[in-house]
Amino acid sequence: MSTPHNSANNGDIAKLVLMPGDPLRAKFVAETYLENPVCFNNVRGMLGYTGTYKGHRVSVMGSGMGMPSIGIYSYELFKFYGVEAIIRIGSTGAMRPEIKLYEVVLADGAYSESSYAKQFAGYDEKVMLPDATLNQQLRDSASQLGYSLLEGCVNSSDNFYYDESVMAAAVDKSLNQYHCLCAEMESFALFANARNLGKKAACLLTVSDNIVTHEETTAEERQLSFTKMMEVALGVAHLYD
């Protein structure tokens, strides 16, 4: 079956899906890490591929930017395609000066002022949680690879740009009330969908820029160089095949 946003047939998508925001990063993961990748979707340019990693079946698909976009794609994967777990593999802006470019963050919660969860399922909480079991599997994968992870709450925002009159207050609340490490735009919705549908979701992020120090990576680096988080996520593929 297909959906309005996905041309895949039943059985085309694995039980585990890695989900970067950028569909070109999905293409990079498929071509770099997967054996015999097959493209199952290109509707609206949102590329999705299924292949095998060390003999285990896994899929990777873009989500687009923002909560409404990942909300649509992750919901359809969970609800209509039998996907059991989604790991977001995205970029993030560090909100603390000591956090360096290319560090990998494992979200233990996603704080947001978004109305997504309330409108979707009536959830009133400001923090949505990832699946604890999947997070532990990712910790174990990172340890086996010799990679370190930063862990903490992330700020899932509806806004990439802010009016200067509200920016300071928004950052202060994120840092001091919710102790966020970094900012991104999708995980809150992904976690809400997984909670509602009884599925698993997690979020690995690579620091692409630092909001405080103004260090930043290029668009090409964000597309091609965030390999540690990809390898950590792929390291759990054998648990979902």
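Visitor: Hi! In β7, what is the bridge partner of Ala110?
Guide: Met128 is the partner of Ala110 there. Strands here are DSSP runs of E with at least two residues, and helices are runs of H or I with at least four, numbered from the N terminus. This is a predicted model, where local features need pLDDT of at least 70, side-chain atom pairs count only at pLDDT 80 or more, and totals for chains, interfaces and linings use all residues. Residues are numbered from 1 along each chain as its sequence is written, and side-chain values use heavy atoms, leaving out hydrogens and water.

Visitor: How many bridges join β6 to β7?
Guide: 2 bridges do, and the strands run antiparallel. Two strands pair if DSSP finds at least two bridges between them.

Visitor: And which way do β6 and β8 run, parallel or antiparallel?
Guide: Parallel, with 6 bridges joining β6 to β8 (residues 150-156). Gly109 stands opposite Cys153 in β8.

Visitor: What about β10, how many bridges join β6 to that strand?
Guide: 3 bridges, with the two strands antiparallel. Leu106 has Leu204 as its bridge partner in β10.

Visitor: Is β6 mostly covered or uncovered?
Guide: Mostly covered: 7 of the 8 residues in β6 (104-111) are buried, meaning under 20% relative accessible area with a 1.4 Å probe, protein chains only.

Visitor: Zooming out, how many helices and strands does the protein chain have?
Guide: There are 8 helices and 10 strands. Buried residues make up 51% of the 241 residues in the chain.

Visitor: What does the C-alpha trace span?
Guide: About 50 × 40 × 30 Å along its principal axes.

Technical notes. Buried < 20%, exposed > 50% of the residue type's maximum accessible area, 1.4 Å probe, protein only.
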